[in-house]
Amino acid sequence: MQHKWNEPVESDRTAREVPSRQIARSCLLTRARQISRFLTSIYDDALRPFGIVASQFSLLVMIAEFGPMSRSDLGRRNYHERSTLTRNLQPLIAQGWVAEGAPGSDGRSRPLSLTHEGNALLTNAANAWAAAQSHATRVLGEGGAHGLMNIAQQLPPRIV
């Protein structure tokens with residue numbers, strides 16, 4: 001079908017709109033990011049009095065549970081890009097909550113571990129985390145919260 005240059009191209013415009021409408025309604029990435037931002041705000045609000053945000057708190061928990069560990073191991077375990085991980089770790093190290101050890105046998109990796117102050121922060125912020133967890137569970141519903149946890153447990157390990 002040919003169109004004159006000055007005639008509206010209704011079928012072409014409709015064809016362009018259909019994919020965006022479909023994507024807007026059903027994009028898993030968009031929905032996952034919306035959920036992530038919403039949940040992050042709940043935890044950020046609860047943890048703010050402790051001088052930490054949710055993404056940093058998550059790193060403290062990971063290091064407490066699986067450390068000492070290298071930045072690479074932490075990034076792989078938590079699906080962080082190197083620059084994001086560094087940006088979130090810097091304040092934790094500066095505040096004295098996380099320590100970087102001496103370089104390992106490879107001469108590069110420096111194991112991360114929680115300091116006494118980092119462990120104290122986790123202990124002190126535990127009730128705030130629990131309140132945020134309860135709030136998030138109420139919003140998601142028990143089924144949604146369990147579903148989200150099950151999805152996370154089934155993610156394949158990050159190799160790179």
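The model is predicted: local features need pLDDT of at least 70, side-chain atom pairs count only at pLDDT 80 or more, and totals for chains, interfaces and linings use all residues. Residues are numbered from 1 along each chain as its sequence is written, and side-chain values use heavy atoms, leaving out hydrogens and water.

**Overall fold**
- The protein chain has six helices and two strands. Helices (H or I, at least four residues) and strands (E, at least two) are DSSP runs, numbered from the N terminus.
- Along the sequence, the pattern reads α-α-α-α-α-β-β-α.
- Of the 160 residues in the protein chain, 23% are buried. Buried means under 20% relative accessible area, with a 1.4 Å probe and protein chains only.

**Helices H3 and H6**
- The axes of H3 (residues 54-66) and H6 (residues 116-153) come within 12 Å and cross at roughly 125°. Axes are lines fitted to C-alpha atoms, for helices over the stretch in contact, and angles run from 0 to 180 degrees between N-to-C directions.
- H3 and H6 are therefore oblique to each other.
- Phe57, Leu60, Val61 and Ala64 in H3 meet Leu121, Leu122, Ala125 and Trp129 in H6. Contact means heavy atoms within 4.5 Å.

**Tyr43**
- Tyr43 sits in helix H2 (residues 28-47).
- Tyr43 is buried, at a relative accessible area of 14%.
- Leaving aside residues up to four places away in sequence, Tyr43 touches Ala54, Trp129, Ala132, Gln133 and Ala136.
- Tyr43 and Ala130 lie 87 residues apart in sequence, but 9.4 Å apart in space, C-alpha to C-alpha.

Note on methods: Buried < 20%, exposed > 50% of the residue type's maximum accessible area, 1.4 Å probe, protein only. Parallel < 35°, antiparallel > 145°, perpendicular 65-115°, else oblique.
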